[in-house]
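Subject: Structure handover

Hi,

Here is the structure for your files. My notes follow below it.

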Amino acid sequence: MKYNPYFNTELETMNRSELEKLQLERLKKTVQHTMNTQFYKKKFEEMGITPDDIKTVDDVKKLPFTTKEDLRDNYPYGLACVPMRDCTRLHSSSGTTGNPTVVLHTQRDLDEWANAVARCLWMVGSRPEDVFQNSAGYGMFTAGLGFQYGAERVGMLTVPAAAGNTTRQIKFIRDFGTTVLHAIPSYASRIFEVMKEEGVDPRRDTKLRVLCIGAEPHSEEQRQRIEANLGVKAYNSYGISEMMGPGVAFECQEQNGLHIWEDYFIVEIINPVTLEPVADGELGELVLTTINREAMPLLRYRTRDLTKIIPGDCPCGRTHKRLARLQGRSDDMIILKGVNIFPIQIEKTLLKFKELSTDYLITLETTDKGDIMTVEVELSALFTDDFTILQQLEKTVTHLLKDEILVTPKVKLVPKGTLAVSDEKKAVRVRDLRKLF
């Protein structure tokens, strides 16, 4: 059966002037709606502005920023714009370092969330004939239910496998004929490793063709390795629970940036230090304003995620702006010996070596000689244990890392399976022990 290439042609291909007209209409409505909270009413009074000051989309810059700390300070329901009786569901973060961040949804919010995820899944070629398997955790973690309802909206047969039990995941993939899989990048690599251990060839023994990956910053090199290993096309997904979860932005089949749905969000990229806007094509912090939410709209939310807007049009015909692959978070940046380093720079270098696995751990420590960085990386399961060869490989990796990050780390090559692998949560890539001294 031949399908329309767009899930919602009118919205996905709307010309810029019409899209901005829709944004302004929704922005004005949203700003007025936020006056139902004491938090935003106080912010507006302090800044000397009113909802009537919003006359163009660009006037979003007049609005106050919102941060994760604001959500924690107003825990649990201080940012709700509707009565609790109108709310259908909440999601929250783990709250391991204080109050969790709570996000509320009305039924309409949930319906729109499902539509956004369905739009994303359709964009990468998912169709009603497909079998969708979700290896994300269900519950408070938004990726489980977010992808579940989006896949159902597309009309696919869904397999809510949840997280963990990799052997069972592989059995489901084979037995149920899974064609579309959702997994975080580190877990997709784990699935392949277990397939190898069990003698399963993903090309011969499965029907997998589409993989949706996200939740962790990952390099293009890691994506290409996952595609080569599993024999799929792997599409980058971006979601953030404060916005709704998955469905905020997604790659199309061109794989040249993530389309961010501008009928749901107004997008800004700012300098995280000066808070001033940066030009398209320049790296900065992503700031999002929700314009299609009832229960808990957020104005100029500072995501802390670092990306840039890709200039120009996409060949797929969708008119919504594209974001470049995330480069990490502004609060994840490592400062070592006065040099700014992002973990993804290290990953890119490590994945140039077929002898190395995708699992690594960066440890920062303070010694009597100052701060040092140790990079532990697992060897490929098929690589040699010849000491001389390993010693030379270690030197080569160290040299390339120094060229990339401008400091010399201590590189330790460790056997496959040495580093802890998580089946559900994002992989831990950095362990900073300097705060202990």
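Start with the contact of two helices. Gln345, Ile346, Thr349 and Leu350 in α11 meet Val397, Leu400, Leu401, Glu404 and Ile405 in α12 (contact means heavy atoms within 4.5 Å). The residues of this contact split into 6 nonpolar, 2 polar and 1 charged (Ala, Val, Leu, Ile, Met, Phe, Trp, Tyr, Cys and Pro count as nonpolar, Asp, Glu, Lys and Arg as charged, the others, Gly among them, as polar).

The model is predicted, with pLDDT of at least 70 needed for local features and 80 or more for side-chain atom pairs, while totals for chains, interfaces and linings use all residues. Numbering runs from 1 along each chain as its sequence is written, and side-chain values use heavy atoms, without hydrogens or water.

Now the geometry. Helix α11 spans residues 343-350 and helix α12 residues 387-405; their axes come within 10 Å and cross at roughly 140°. That angle makes α11 oblique to α12 (under 35 degrees is roughly parallel, over 145 roughly antiparallel, 65 to 115 roughly perpendicular, the rest oblique). The crossing is right-handed (the near helix is turned clockwise from the far one by less than a right angle).

Next, the cysteines. There are 0 disulfides (a disulfide is a pair of cysteine sulfur atoms within 2.5 Å). For cysteine 212, the nearest cysteine sulfur is that of cysteine 120, 8.7 Å away. Cysteine 212 counts as buried because its relative accessibility is 0% (buried is under 20% relative accessible area, exposed over 50%, partly exposed in between, with a 1.4 Å probe and protein chains only). For cysteine 252, the nearest is the sulfur of cysteine 314, at 3.6 Å. Cysteine 252 is also buried, at 0%.

Best wishes

Methods. Axes fitted to C-alpha atoms, helices over the stretch in contact; angles between N-to-C directions. Helix = DSSP H or I, 4+ residues; strand = E, 2+ residues; numbered from the N terminus.
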